[in-house]
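User: I have a structure open and would like to go through it in pieces. Can we start with a term?
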Amino acid sequence: MLTQLAKGKRMAACAPVLAALVLMWLGQALGQAATHVIRKGETLGAIAKKYGVTASALASHNGISNPNRVKVGQKINIPAKSVSVTYTVRAGDTLSGIAKKHNTTTSTIARANGISDPRKLRPGQKLKITKGGSGSKPTKPKPAYIPADTLSKINRPRIRRGRWKHIVIHHSGDNTNSIQGMEHYHRRVRRMENGLAYHFVIGNGVNTGDGKIYVGDRWRRQIRGGHVASTALNEIAIGICLVGNFDKRVPTAKQRSSLKALVARLRARTGVPYKEVRTHRHINPKPTACPGRRFNLRSILNS
Ligand SMILES: [Zn+2]
């Protein structure tokens, strides 16, 4: 961030909170995944127990690398509870058909039942099947995904070879920041003739889309940023800003996966090496706390 921005007005919270509670209750009653907001003194283990899942399932479901570092107010998505059933094989059944019916995979059933050859099922055979929950399917990392319209904006500009040497990550400093607010601040208050100082902004779901990648005008025009305290560095550093204050909280799961995907795409386009993807703090000539002490760039890029 450039400097602390004025805090937005806080909305009266009662009605939305009540609505959210009702929705959560409905969601659970219907057997769907729920959200849990961490309260004081709660551990991931205690929350896991409450919802009948494991702490490690919770951690992996929420991209938490260190289960001991969860924070009061942090939102946790609860995976649907897994249910075990016993299925008796009927004539004509195939393992893949059974797997499909139970919303799981052939290999999961084969593993759980010690089946080495999936073709050798016999009628009457009992299979233990775990369906739903994060244990049902092999947990593979979600592929980096950028919507097609955003991707085309990222890919459109022609890039001169060797144009960019660094990718620098910032936070906006306030959870309520909007694109319009940041644009206004940079153009009118900071008097930057090219407006928004970053090439990209990744929203957090408050006044910006959660995980949405906003492609700035500076990227479209391939012009220098205004995000670090050095003209020479601004000339060769792509600026990405995540909305939020990561001294107080961690980026959302969608922000993390969008950042990872965006960095991968930009590196492929510009040839910036992994070690030159840096935080503002680590590259700035002057001391800065940006992007906050709860922001762990390497754990995001390596997740
Ligand atoms: Zn910054």
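Analyst: Start with accessibility: a residue counts as buried under 20% relative accessible area and as exposed over 50%. Keep in mind that this is a predicted model.

User: OK. Is arginine 191 buried or exposed, then?
Analyst: Arginine 191 counts as exposed, because its relative accessibility is 71%. Its place is the loop between helix H7 (179–189) and strand E6 (200–202).

User: New topic. How many residues are in the largest nonpolar core?
Analyst: That core has 24 residues. Ile169, Phe200, Ile240, Leu259 and Leu266 have the most contacts inside it.

User: Which elements supply at least two residues each?
Analyst: Strand E5 (166–171), E6, strand E8 (237–242), helix H10 (253–270) and H12 each do. H10 gives the largest share, five residues.

User: What is isoleucine 240 in contact with, leaving aside neighbours within four places in sequence?
Analyst: Its contacts include Ile167, Val168, Ile169 and His170. Phe200 and Ile202 are also among them, as are Leu259, Leu262, Val263 and Leu266.

User: What span should H10 have, and how far apart are its end C-alpha atoms?
Analyst: H10 has 18 residues, so at 1.5 Å a residue it should span 26 Å. The end C-alpha atoms are 26 Å apart, which agrees.

User: What comes just after H10?
Analyst: Glycine 271 does, with a positive phi of about 80°.

User: Last one. Which residues does the cis peptide bond join?
Analyst: The cis bond joins cysteine 290 and proline 291, with omega about 5°. Proline 291 sits in the loop between helix H11 (280–283) and helix H12 (297–301).

Terms used:
Residues numbered from 1 in each chain as written. Predicted model: local features only at pLDDT ≥ 70, side-chain atom pairs only at ≥ 80, totals over all residues. Heavy atoms only, no water. Helix = DSSP H or I, 4+ residues; strand = E, 2+ residues; numbered from the N terminus. Buried < 20%, exposed > 50% of the residue type's maximum accessible area, 1.4 Å probe, protein only. Core = buried A, V, L, I, M, F, W, Y, C linked by side-chain atoms within 4.5 Å. Contact = heavy atoms within 4.5 Å. Expected span 1.5 Å × (residues − 1).
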